[in-house]
Amino acid sequence: MKRAGIVILMLGLLTVSGVTAFSTTDKDEKGEYIAKAQQYSEKEYHKDAILCYQEALELDPENVEIQGKIAHEYLLAGEGRKAVSLLEDLENEPDEDGVMAADLVCGYLMTKDTQQAVTKAKEATEKYPQNETLQYLYKETRGINEEDYILYQPVSDQRDDYTVARNSDGKLCIYDAKDKEYLKKTAFDAIDDYIVLEENGTTNVILSVHDLPGEAGTGAEEDKDPEEGADPKGGADPKEDTVPKKGTNYRYIDKDGFLRFSPRGSYSYLGCPRDGRVLIRDEKGWGYLDDNFTDLGVRFEDATAFAEGVAAVRENGKWRIVTPDTIKEATGDVKWYDDVVKDAWKVCSISGNVFVKTGAGYQLVTPKGEVVSETYDKVKAFTEKKGTAAVSKDSKWGLIDAEGKLICPLQYEETGSGGTTLAAYRSGNLWGYIDRAGEVYVEAKYAVAGCMNDAGKAYVTLPAEEGKETDMFRIEMLLFHKTESSFF
């Protein structure tokens, strides 16, 4: 919901919210002022009502109820800032049934401090669960988001707050969370993998890229147009198990486009270094380099990249889980699986555990093979270390956490794996977002709903309309302020 919609909602609520009416049985001077103020308010003479309440307050300066009434009239008069200032001073005062808390939420909305409105609505709903106005405000405000149209076309999900995209010239670049564009002076066909490293206290993006034959670059020349017919996704999704053209040049560059390292060898895939190992593919199959970029000398039918000290390799049609030290040979009581579930960067263990397939279905197991989840018909890989994974049984989808606990019931037509904030869900042909417990946060209205990062940002696409181009844009949810890594 955009801000304009929530403000209209708020104006309707103000006519029914506010502190409870005063008793008019008192015949003293204060009671007369209060009675007259109520009459003015009913006639929508809100500034006159404020003046009468202020007269009553002079006779009883510590009366919280009168102060709350004045704040409510300020809201009805359209003076949101005065209302918020007064209500914030009253936050620690007794608040019968949370009525002033509801007014404070409305005040934040009126003054366009929507992040505060979202946060306060969440807090007040937990404190006053019987207040229907607060419950309604909470339900509506938590769906607030800002929409930003973007000048680039994402070709990968966000990873560590970076996204691979095509810029306005159609060239591959990488963008950070603030839309800063990198790699303006490099010539390459695809970004295959990228990670964020801390070097001397400075964050640096390291990318594995490949050039088309004859376009091998050093990171210093000008951009060249992608070859006609090149993969529009830029090869950023390794799930498409294809081998780049013969002669493709792989290398590592940093976010400024400068050559970092160009390992010797002819590879059809070169991943980024993790846990002292680099996933590679050549004409002999899948394998690994060590931290000196020396080939370990073993090849597999398939393999995954390392994360959290864990990867998986396939031999003779079966998979086993490996550590950096157990790649070369299976030792001890090795468990073999029919399949492992990988993300777009061929990582199976971003959460520390691994989804494996056996005859019965899919289960989440520890690196030692201990089963920590129920068995599911379908699953999707984790996308964040402390995120959620989509799981399905009997055609219904839900979410599990990194430890394998089902935290969102199996109730949706489809869900997507998420981070520490929200996860996508599908209703019919449209997508929206749910929180980790499965409550709808944004109604299903998007044709495409990408993974949402910790800051509440995601790329979405509206349904196509005849005669109109379908734009992809970014939404930024106004999430609750929390100090811990998870918002829920």
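The following legends describe close-up views of a predicted model.

**View 1. A patch of negative charge on the surface.**
Five acidic residues, Asp28, Glu29, Glu32, Glu55 and Glu58, gather in this surface patch. Helix 2 (29–42) and helix 3 (46–59) are the elements that give two or more residues to the negative patch. Glu58 belongs to helix 3. The relative accessible area of Glu58 is 61%, so this residue is classed as exposed.

**View 2. The salt bridge between Lys47 and Glu79.**
The side chains of Lys47 and Glu79 meet at a distance of 4.0 Å, N to O. Lys47 is part of helix 3, whereas Glu79 sits in the loop between helix 4 (64–76) and helix 5 (80–89), so the contact ties together parts that are 32 residues apart in sequence. Lys47 is exposed, with 54% relative accessible area. Glu79, at 21% relative accessibility, counts as partly exposed. In the model as a whole, the count comes to 22 salt bridges.

**View 3. The salt bridge between Arg142 and Glu439.**
In this pair, the side chains meet at 3.3 Å, N to O. The bridge links distant parts of the chain, 297 residues apart: Arg142 is in the loop between helix 8 (132–141) and strand 1, and Glu439 is in the loop between strand 25 (430–434) and strand 26 (440–446). Arg142 is buried, at 4% relative accessibility. For Glu439 the value is 41%, which means that this residue counts as partly exposed.

**View 4. A salt-bridge network of four residues: Lys380, Glu413, Glu414 and Arg426.**
Salt bridges that share partners join Lys380 and Arg426 with Glu413 and Glu414 into one network.

**View 5. The aromatic pair of Tyr149 and Phe473.**
The model's aromatic pairs come to a count of 12. In the pair shown here, the ring centres of Tyr149 and Phe473 are 5.2 Å apart, and the angle of 45° between the planes makes the arrangement tilted. The two residues come from distant parts of the chain, with Tyr149 in strand 1 (residues 145–149) and Phe473 in strand 29 (residues 472–477), 324 residues apart. Tyr149 is exposed, with a relative accessible area of 56%, whereas Phe473 is buried, at 0% relative accessibility.

**View 6. The aromatic pair of Tyr288 and Phe306.**
The rings of Tyr288 and Phe306 are arranged edge-to-face, with 5.5 Å centre to centre and 65° between the planes. Tyr288 lies in strand 12 (residues 285–289), and Phe306 lies in the loop between strand 13 (302–303) and strand 14 (311–315). The pair links distant parts of the chain, 18 residues apart. Tyr288 and Phe306 are both buried.

**View 7. An aromatic cluster of Tyr149, Tyr446 and Phe473.**
Ring pairs link Tyr446 with Tyr149 and Phe473 into a cluster. Within this group, Tyr149 and Phe473 form the tilted pair of View 6.

Definitions and conventions
Residues are numbered from 1 along each chain as its sequence is written. This is a predicted model: local features need pLDDT of at least 70, side-chain atom pairs count only at pLDDT 80 or more; totals for chains, interfaces and linings use all residues. Side-chain values use heavy atoms; hydrogens and water are left out. Patches are made of residues with over 30% relative accessible area and no salt bridge: like charges are joined within 9 Å, nonpolar side chains (Val, Leu, Ile, Met, Phe, Trp, Tyr) within 5 Å. Accessible areas come from the Shrake-Rupley method with a 1.4 Å probe; for residues, only the protein chains shown count as cover. Lys and Arg count as positive and Asp and Glu as negative; His and the chain ends are not counted. The place of a charge is taken as NZ of Lys, CZ of Arg, CG of Asp or CD of Glu. Helices (H or I, at least four residues) and strands (E, at least two) are DSSP runs, numbered from the N terminus. Buried means under 20% relative accessible area, exposed over 50%, partly exposed in between (1.4 Å probe, protein chains only). Rings of Phe, Tyr and Trp (its six-membered ring) pair if their centres lie within 6.5 Å; planes under 30 degrees apart count as stacked, over 60 as edge-to-face and the rest as tilted.
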